[in-house]
Amino acid sequence: FEKDASLKINGSLKIMGKEGAIVEFLPKSPDINWMGIIIDSGDADISYVKISGAKVGIKAVNTGAKISNAIIEGNETGIYTTGAPSPNISKATIWHNSTGIVMESSQALIEKSDIAQNKTGIHFAKSSPTIKENNINDNEINVDAGETSVNMDSNYFGTVVFEEMKLKGNVKVANTLDNKYPSGKVVQAVI
């Protein structure tokens, strides 16, 4: 993609790569940023893709898009989601971004994903998502709840000790995984 170019979807988009043959979306050259994929009230089914070098890898506005088996890396923001319906993100690797996921007024479902090595793993603003069975670790801040109260049970944060989970704001974790998903078992967080 050229500098500041984007792929904007107002209708329907289906990107169906497969294991060993992923579809890549990147800038024309590594020294420029493109705007990313914008799904605005449309429908999308995105799987086996790699999105990098964007200001926002995927911007999901009022869409129930399905994003699975995606690698979202090297973006300013990996995924930005706002409004309803909200996307379903599963089996994604979201890493090496400034912010992995931003959720604003979103009810997204995020499950079975790796959100690691970002400055901020997940940032919330007025959202009530379902986030379970993820590996959210090795970020400078794993979860920033902003002004939102968020329950983050049944995820792996690199530790079972609450004070070491790199959480900011009103994040609640009563139960956590004792190891990375899928091998981790649910245990009570050590307060």
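Phe 25 lies in strand S3, residues 23-25; strands (E, at least two residues) are DSSP runs, numbered from the N terminus. This is a predicted model, in which local features need pLDDT of at least 70 and side-chain atom pairs count only at pLDDT 80 or more, while totals for chains, interfaces and linings use all residues. Residues are numbered from 1 along each chain as its sequence is written, and side-chain values use heavy atoms, leaving out hydrogens and water.

Q: Is Phe 25 buried or exposed?
A: Buried means under 20% relative accessible area, exposed over 50%, and partly exposed in between, with a 1.4 Å probe and protein chains only. The relative accessible area of Phe 25 is 11%, so Phe 25 is buried.

Q: Which residues does Phe 25 touch, not counting those up to four places away in sequence?
A: Contact means heavy atoms within 4.5 Å. With residues up to four places away in sequence not counted, Phe 25 touches Phe 1, Leu 7, Ile 15, Trp 34, Ile 37, Val 49, Lys 50, Ile 51 and Ser 52.

Q: How many residues apart are Phe 1 and Trp 34?
A: Phe 1 is in the segment before strand S1 (6-9), and Trp 34 is in the loop between S3 and strand S4 (36-40). Phe 1 is partly exposed at 31% relative accessible area, whereas Trp 34 is buried at 0%. The pair links distant parts of the chain, and the separation is 33 residues.

Q: What is the radius of gyration of the protein chain?
A: The protein chain has zero helices (H or I, at least four residues) and 22 strands. The radius is taken over C-alpha atoms, and the globule rule is 2.2 Å times the number of residues to the power 0.38. For 191 residues that rule gives 16 Å, and the chain is close to it, so it is as compact as a globular protein of that length, with a radius of gyration of 16 Å.
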